[in-house]
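A short report in plain text will do.

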Amino acid sequence: MGNATILIVTARWDTTAYAAAEVLRRNGRESAFFYPEDVPQRARLDSVFRRGKWSNRLHTEDGSIDLDGIKAVWWRKPFVARPSPSLSRVEFPYARRESEAALKGLWDLVLADPDVYWMSDPNNIRNANSKMIQMARGAAHGLTSPRTVVTNDPEDVRAFYEECSRRMVFKSMTGPFLLPGEVANHAPDTFVPGMPLVRPFTDEDMAKVESVRQSACMFQELVEKKHELRVTVFEDQIFTCRIESQQNELTRYDWRRQDSQPRATVGELPPSVADACLALLDEFDLRYGAFDFIVTPDDEHVFLELNPNGQWLFVQEWVPQLRLMQTFVDIMVRNS
């Protein structure tokens, strides 16, 4: 790992990162993988301050990574540090906070080096990851989003349900129900991501709406679809995938269903919508983003969300004409 110039910060399940690393290798760039979830049990960090300067090194099961030699960082989808489950309920969160603070300090030091290219800055990814700010800034750039309410008040949900003529969906604001390390003393082999799929809210759901008091929830009006678009942007290069989600009942409300792949082709994006996507990336200071849109039967483009480090390999596999992998590799090679 001593000759690696690209650092990939991610989780062990990340097949996209492994596939990209192999293509990078064939293009003359070696990558080093670092999994923050391994800290402190399977990996360690050494940051030493002497004579007014920090030196930083990561030690993994695959070898050591000298961060002074890294020229580019690809920030993918890392999990939080995972202390030993043998720690007490008091010790576990403290150990995790301390490890996370050390890692953040290390990343901030690397970010401060103007010669290191990031796709993208993790601070900017976090800032852009709020669906609420995405919708507000998208509207400022001319994008239209569904009517939405975020609340933990059942009465607000009931009123919104009626406002939407009982055509409403629930959406998760953060993704899977449980991430590793979020519960003290939980065993990794009991982790079940539990992807919450989008579906119409029903009267039966409304009968249980009092449970909203337990957590803030996001609800949106149900928007009719002709098809959907997954718009992937690397820097200023835009790739549009048209997803025929309405041709299959299983993917009608959520094309992410793992048991049914929708038909996908090269799509088109109106110039005004493309300009808004680029403006949003620029505003959030991101070098990558994956946008989701509904195209209505009246050909209106409805903005759902921006995924600041969302998945993209599946788009390449569904529509090989969209050369996402080579575009990504070209950018990383050029900047490392």
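Contact here means that heavy atoms lie within 4.5 Å of each other. The model is a predicted one.

**Helix 7 and its packing**

Helix 7 itself runs over residues 271–284, 14 residues in total. From its first C-alpha to its last it reaches 20 Å, close to the 20 Å expected at 1.5 Å a residue.

Its buried residues are Val 273, Ala 274, Ala 276, Cys 277, Leu 280, Leu 281 and Phe 284. These residues lie on the same side of helix 7, because they cover an arc of only 160° around the axis. In general, an α-helix has 3.6 residues a turn, so residues three or four places apart point the same way. On the face turned away from the buried side of helix 7 are the exposed residues Pro 271, Ser 272, Asp 275 and Asp 282. Just after helix 7 comes Asp 285, with a positive phi of about 55°.

Ser 120 is found in the loop between strand 7 (117–119) and helix 3, and Thr 296 in the loop between strand 14 and strand 15. Buried means under 20% relative accessible area. Ser 120 has 3% relative accessibility and therefore counts as buried. Thr 296, at 8% relative accessibility, therefore counts as buried too.

| Residue | Relative accessibility | Contacts |
|---|---|---|
| Ser 120 | 3% | Trp 75, Ile 125, Leu 286, Arg 287, Tyr 288 |
| Thr 296 | 8% | Val 223, Glu 224, Lys 226, Val 302 |

Ser 120 and Tyr 18 are 102 residues apart along the chain, and their C-alpha atoms are separated by 18 Å.

**The second largest pocket**

How much space lies in the second largest pocket? The volume is about 310 Å³. Rolling a probe the size of a water molecule over the atoms shows where empty space is left. The second largest pocket is lined by Phe 170, Leu 197, Arg 199, Phe 201, Asp 205, Lys 208, Val 209, Ser 211, Val 212, Ser 215, Cys 217 and Phe 219. By class, this lining has seven nonpolar, two polar and three charged residues.

Terms used:
Residues are numbered from 1 along each chain as its sequence is written. This is a predicted model: local features need pLDDT of at least 70, side-chain atom pairs count only at pLDDT 80 or more; totals for chains, interfaces and linings use all residues. Side-chain values use heavy atoms; hydrogens and water are left out. On a 1 Å grid over the protein atoms alone, a cavity is a set of points where a 1.4 Å probe fits but cannot get out, and a pocket is an open set with protein on both sides within 12 Å along at least five of seven lines; lining residues have an atom within 4 Å of a point. Grid points are joined across faces, edges and corners, and a volume is the space filled by probe spheres set on the points. Ala, Val, Leu, Ile, Met, Phe, Trp, Tyr, Cys and Pro count as nonpolar, Asp, Glu, Lys and Arg as charged, and the others, Gly among them, as polar. Helices (H or I, at least four residues) and strands (E, at least two) are DSSP runs, numbered from the N terminus. The expected span of a helix is 1.5 Å times one less than its number of residues. Buried means under 20% relative accessible area, exposed over 50%, partly exposed in between (1.4 Å probe, protein chains only). The arc is that of the directions from the helix axis to the C-beta atoms.
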